[in-house]
Amino acid sequence: MIEFSQVSRLAFGCDPLGGHNWGSVDPAAIADAIPHAVDQGVTLFDTADCYGNGLSEERLGQALGNRRSRVIVASKFGVRIGDDGKVFIDNDPAWISQAVEASLKRLGTDVIDLYQLHWWDGRTPFAEIFGALERLVEAGKIRAFGSTNVSLEMMKLNGADELPALYRSSSMEFSLVHGAHRAAIEAMCGGGAAAPLFLAWGSLGGGILTGKYSSPSDLDPTDRRLKRADSHFRGDRLADNLAIVATCREIAARHGANAKVSQVALQWIGRTLGFGTCLVGIKSRAQLDDALASWDFDLTDEDMRALDQAAHR
């Protein structure tokens with residue numbers, strides 16, 4: 001059984017595996033990358049019950065097959081899709097009990113290694129949420145739990161005086177183009193080996209930090225990345241982000257012909273925080289191999305200063 005201390009620097013993000021408004025996605029190509037990822041040492045696969053309305057979990061379980069025991073499967077609850085197709089947030093303990101059973105079935109596993117609160121509903125006290133999750137651990141349904149998009153301050157103000165012993169991870173958006181949560185991340189996960197594992201989602205800014213995009217027209221009009229209120233692909237934000245990409249491209253060029261913009265961006269996360277794992281939404285073996293090569297070279301202190309300046313930090 002893989003322990004949380006053995007989580008790789010790169011984690012396999014399975015949102016695209018659900019195939020929902022992520023541009024051109026070939027689920028078969030993603031599924032093919034999953035066993036390859038395990039064989040290359042990737043130890044954490046992150047999905048959610050709402051990704052593709054359950055399809056991501058189902059496809060992940062199938063693709064892992066007999067490699068399941070070699071990895072940590074992380075899933076999430078709390079984002080519900082109603083019969084009318086509308087999305088709403090629900091952290092009620094009664095729903096958590098239903099959600100975990102459905103996720104276990106789709107994943108084809110007896111236990112979920114890491115079960116995460118996806119978004120807080122703004123009403124359920126965290127003590128009640130954590131109590132429900134602790135009961136799931138006692139029942140053998142999950143090994144441990146964590147949260148995404150929730151700060152330590154938010155928890156303390158809403159019913160959680162301290163983090164439970166089985167609270168093992170925190171995930172927030174963090175990248176060169178989105179550093180707003182840095183203080184919250186360090187408060188939650190910066191306490192050394194005993195601190196919760198940090199999982200950086202959006203570590204490539206939804207793809208803007210790959211260097212493949214220069215305008216909104218490069219994405220399909222239905223792509224969810226264009227619909228975010230704080231989209232990385234529109235207006236002044238896009239112009240600022242393209243300037244960051246240009247800096248990444250200059251730095252990559254200094255590290256050889258094989259170094260890529262995305263690799264500079266991923267390595268910057270760990271160098272900046274001193275801890276954490278990068279979640280990357282993988283769409284193919286080639287993308288996986290590129291991401292894994294992000295640590296084949298070392299950013300210099302000069303590189304880091306240039307990146308921080310470009311990102312206005």
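## Basis

The model is predicted: local features need pLDDT of at least 70, side-chain atom pairs count only at pLDDT 80 or more, and totals for chains, interfaces and linings use all residues. Residues are numbered from 1 along each chain as its sequence is written, and side-chain values use heavy atoms, with hydrogens and water left out.

## Barrel

Eight strands form a closed barrel in the order S1-S2-S3-S6-S7-S8-S9-S10, with parallel pairing. Strands are DSSP runs of E, at least two residues; helices are runs of H or I, at least four; both are numbered from the N terminus. Two strands pair if DSSP finds at least two bridges between them. Neighbouring strands of this sheet are turned by 30° against each other on average, direction ignored.

S2 (residues 44-46) and S3 (residues 72-77) run parallel, joined by three bridges. Asp46 stands opposite Ala74 in S3.

## Helices on the sheet

H4 (residues 126-138) packs on the sheet and touches S3, S6, S7 and S8. Its direction makes about 155° with that of S7. H3 (residues 93-107) lies across S3, S6 (112-117) and S7 (142-148). H3 runs at about 135° to S6. Axes are lines fitted to C-alpha atoms, for helices over the stretch in contact; angles run from 0 to 180 degrees between N-to-C directions.

## H8 against H10

The axes of H8 and H10 (residues 301-310) come within 11 Å and cross at roughly 100°. H8 is therefore roughly perpendicular to H10 (the class spans 65 to 115 degrees). H8 contributes Val264, Trp268, Arg271 and Thr272 to the contact; H10 contributes Asp301, Met304, Leu307 and Asp308. Contact means heavy atoms within 4.5 Å.

These residues divide into four nonpolar, one polar and three charged. Ala, Val, Leu, Ile, Met, Phe, Trp, Tyr, Cys and Pro count as nonpolar, Asp, Glu, Lys and Arg as charged, and the others, Gly among them, as polar.

## Second largest pocket

The second largest pocket holds about 600 Å³ of space. A pocket is an open set of points on a 1 Å grid over the protein atoms alone, where a 1.4 Å probe fits, with protein on both sides within 12 Å along at least five of seven lines. Volume is the space filled by probe spheres set on the points, which are joined across faces, edges and corners.

The pocket is lined by 31 residues, each with an atom within 4 Å of a point. Pro196, Leu197, Phe198, Phe275 and Gly276 lie nearest its centre. H8 gives the most to the lining, with four residues. By class, the lining has 16 nonpolar, 11 polar and four charged residues.

Conventions
Angles under 35 degrees count as roughly parallel, over 145 as roughly antiparallel, 65 to 115 as roughly perpendicular and the rest as oblique.
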